[in-house]
Amino acid sequence: MLSGRIPLVDPHGRKINYLRLSVTDRCNMRCFYCMPKDGITKKEHGGILSYEELLLIAQAAVGLGIEKIRITGGEPLVRAGIVGFLSQLAEIPGLRHLALTTNGLLLAEMALDLYKAGVQRLNVSLDSLNPQTFSAITRGGDLNKVLAGLQTAEDAGFPPPKINCVIMRGVNDAEILDFADRTLSHGNSIRFIEYMPAIKEDGWQRYCLAGDEILAKISTRYPLEQVEKGPFSGPSRDFRIPGARGSIGIITAVSGHFCHECNRIRVTSTGQAKGCLFSDAKTNLVPWLRPPDREGLAAALRRIVSSKPAQHDISTDGYTHENFMMSQIGG
Ligand code: SAM
Ligand code: SF4
């Protein structure tokens, strides 16, 4: 019998220890790069999984060697009952790290409950510190609520949340240094994410700004030292301004392959499992959930790991894939 202590390794020698589990495809924002302005209407394969079904998946994954689970969405905090579900996840033996990614709108109300439920780390997506730009990107989001949520999270006992920031040329690239400053002033770690062509609207390339350009901009004001990777670090290159509490990470999904470091699998809220964000290949886990078949589920997850592609073929030209909404996969 396999236990969480035996590493789960794919055919390319990568240790797979991280599951991104989406609990909903609904959201209380409409970021223009992620969702159509009217939201999502189409549901695949019989709707959203129940919490019992999501828990079965999480337990099977941890049984195979997954050590970290990140709950994502859509916006995970809009799903009723999420706090109770998180506390069930936190109790899975062998799960070492439970994290959640949120847009932060509901954090001021929910941070304390999330902390008590056993969530260890929060990532908050925040693409602008300017209220107008923030509202334009999110189609109406209120920056002040997110900033209040960041503070409430710390007051509740969380370490300063990590901020995910999608940098888009001509939209928020003028704020790169403001975000970098926050690693000194507020202790947040910032992860700059290259804009990805999820929806592939016409002219999407104009938003792309390579990670190296982001680093070069920060280096005009601050020296940067390289940061050692932790056991659950994802595929970001991490740096620190000397003396800052927070680090600066760069995720170069488009300009540079980080696939050789990929440590994750993904499961959507409808039970579609994916070994690669940018591959159209997916496996429907529902047949092993209704009725529950733990062994079949574990075998299906194992197959997803063993069929993980060596690398994706995303690039700024000549790249084709089915359009997808990050809100359905969870980023
Ligand atoms: N609603 C939550 C949030 O926004 O944090 C969780 C789900 S969201 C889909 C997860 C992450 O995907 C966010 O950090 C978001 O910025 C990122 N994302 C969505 N669409 C993207 C795109 N086209 N390019 C790069 N990142 C994207
Ligand atoms: Fe919602 Fe997150 Fe997508 Fe923005 S990035 S629309 S907050 S799911």
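Predicted model: local features only at pLDDT ≥ 70, side-chain atom pairs only at ≥ 80, totals over all residues.
Reader: Let's move on to α5. How far apart are the end C-alpha atoms of this helix?

Author: Helix α5 covers residues 143-156, which makes 14 residues. At 1.5 Å a residue, the helix should span 20 Å. The model agrees, because the end C-alpha atoms of α5 are 20 Å apart.

Reader: What arc do the buried residues of α5 cover around the axis?

Author: The buried residues of α5 are L143, V146, G149, L150, A153 and A156. They lie on the same side of the helix, because the arc they cover around the axis is only 150°. As a general point, an α-helix has 3.6 residues a turn, so residues three or four places apart point the same way. For α5, the arc asked for is 150°.

Reader: Which residues are exposed on the other side of α5?

Author: The buried residues of α5 are covered by elements that include α3, β4, α4, β5 and α6. On the other side of the helix, the exposed residues are N144 and D155.

Reader: What happens at the start of α5, and which backbone nitrogen does D142 reach?

Author: At the start of α5, a side-chain oxygen of D142 comes to within 3.0 Å of a backbone nitrogen. That nitrogen belongs to N144.

Reader: Now for the rings. How many aromatic pairs does the structure hold, and what is the angle between the planes of F179 and F192?

Author: The structure holds six aromatic pairs. F179 and F192 form one that is edge-to-face, with 6.4 Å centre to centre. The planes of F179 and F192 are at 90°.

Reader: Which parts does the pair of F179 and F192 tie together?

Author: F179 is buried, with a relative accessible area of 0%, and F192 is buried with a relative accessible area of 0%. The two residues are in parts 13 residues apart in sequence. F179 lies in one part and F192 in the other, so the pair ties together helix α6 and strand β6.

Reader: Which residue lies over the face of Y51?

Author: Aromatic residues also gather elsewhere, with F32, Y33, Y195 and Y207 forming one cluster. Two charged residues lie over rings: K68 is over the face of Y18, at 4.5 Å from the ring centre. Over the face of Y51, at 4.1 Å from the ring centre, lies R79.

Reader: And the cysteines: how far apart in space are C276 and C259?

Author: C276 is in the loop between β11 and β12, and it is buried with a relative accessible area of 11%. In sequence, C276 and C259 are 17 residues apart. In space, C-alpha to C-alpha, the distance between C276 and C259 is 9.1 Å.

Reader: Finally, what share of the protein's residues count as buried?

Author: The protein has nine helices and twelve strands. Among contacts between residues at least 6 apart in sequence, 74% join residues at least 24 apart. Of the 331 residues, the share that counts as buried is 56%.

Methods:
Residues numbered from 1 in each chain as written. Chains lettered and ligands numbered in written order. Heavy atoms only, no water. Helix = DSSP H or I, 4+ residues; strand = E, 2+ residues; numbered from the N terminus. Expected span 1.5 Å × (residues − 1). Buried < 20%, exposed > 50% of the residue type's maximum accessible area, 1.4 Å probe, protein only. Arc of directions from axis to C-beta. Contact = heavy atoms within 4.5 Å. Polar contact = N/O pair within 3.5 Å; in protein donor to acceptor, adjacent residues only side chain to side chain. Phe/Tyr/Trp six-rings, centres within 6.5 Å; stacked < 30°, edge-to-face > 60°. Lys NZ or Arg CZ within 6 Å of the ring centre and 35° of its normal.
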